[in-house]
Amino acid sequence: MNDNQHLKNAIAAANPQLNTVQRHSVYGTAHQSPNRIVVHAMGEYILSEDGRGYDYAPDFLERMQLSAHALVTSDGTVLRCRNDDEGAYHARGFNAGSLGMELLVSGKHDYDSFLRTIKHPYVTDAQYAAAVMQCREWVRLYRITLIDRHSDVSPGRKFDPGAGFPWGKFLDDVRR
Ligand SMILES: [Zn+2]
């Protein structure tokens with residue numbers, strides 16, 4: 001069995017197919033032809049502006065009038081919030097022609113706790129497998145060669161998905 005088959009089997013065993021849930025966001029441009037993937041991370045629950053409660057990530061984005069194409073939860077569910085041929089507001093300067101994926105960091109976070117958390121491993125196996133599968137599908141469908149972290153396209157301003165996300169391995173796994 002070659003490495004490719006081995007990984008396919010491992011991913012299939014962990015998650016036989018992408019478990020997607022539609023949660024459409026209205027924020028984004030009407031049309032795009034994607035040629036890039038931008039990988040992000042954000043808290044699963046984020047402290048609200050008034051500091052009195054926590055917003056679930058997709059609700060937080062909605063309130064900020066932001067969006068992403070896919071939010072991957074720690075149990076490996078993919079929340080699809082924009083169609084691939086629609087733009088999303090996820091990476092300033094790169095919103096036209098890119099697909100945005102948010103890895104949801106489990107638990108409740110303010111920005112400081114989020115930044116601390118993503119310095120260390122935080123993705124679950126099911127979440128990692130789902131993220132790989134979603135990106136592979138995108139690469140295959142749109143022949144995408146550009147896969148970046150948010151911190152790559154916004155250096156000094158954005159820090160996600162952070163040192164805790166195994167970036168080199170992820171790129172290898174997506175491109176297998
Ligand atoms: Zn980001």
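User: What is the bridge partner of Val-38 in strand 7?

Analyst: That is Asp-148. Before we go on, this is a predicted model, where local features need pLDDT of at least 70, side-chain atom pairs count only at pLDDT 80 or more, and totals for chains, interfaces and linings use all residues. Residue numbers start from 1 along each chain as its sequence is written.

User: What makes strand 2 and strand 7 a pair?

Analyst: Strands, like helices, are DSSP runs numbered from the N terminus (E, at least two residues, for strands; H or I, at least four, for helices). Two strands pair if DSSP finds at least two bridges between them. Strand 2 (residues 36-47) and strand 7 run parallel and share four bridges, so they pair.

User: Which way does strand 2 run relative to strand 6, parallel or antiparallel?

Analyst: Parallel, with 10 bridges joining strand 2 to strand 6 (residues 98-109). Here Arg-36 stands opposite Ser-98. With strand 3 (residues 54-56), strand 2 pairs in the antiparallel sense over three bridges, and Leu-47 faces Tyr-54. The hairpin of strands 2 and 3 has six residues between the strands, and Gly-51 has a positive phi near 70° there.

User: Why does Gln-32 count as buried?

Analyst: A residue is buried with 20 or more other C-beta atoms within 10 Å of its own, exposed with 12 or fewer, and partly exposed in between, with C-beta atoms placed from the backbone. Gln-32 has 20 C-beta neighbours inside 10 Å, so it counts as buried. This residue sits in the loop between strand 1 (19-22) and strand 2.

User: What is Gln-32 in contact with, leaving aside neighbours within four places in sequence?

Analyst: Its partners are Asp-85, Glu-86, Gly-87, Ala-96 and Gly-97, where contact means backbone-placed C-beta atoms within 7 Å. Gly-87 is 55 residues away in sequence, yet the C-alpha atoms are 5.6 Å apart.

User: How do you know that the length of helix 4 agrees with its residue count?

Analyst: The expected span is 1.5 Å times one less than the number of residues. For the 18 residues of helix 4 (residues 125-142) that gives 26 Å, and the end C-alpha atoms are 26 Å apart, so the two agree. After the helix comes Arg-143, with a positive phi near 50°.

Note on methods:
Two residues are in contact if their C-beta atoms, placed from the backbone, lie within 7 Å.
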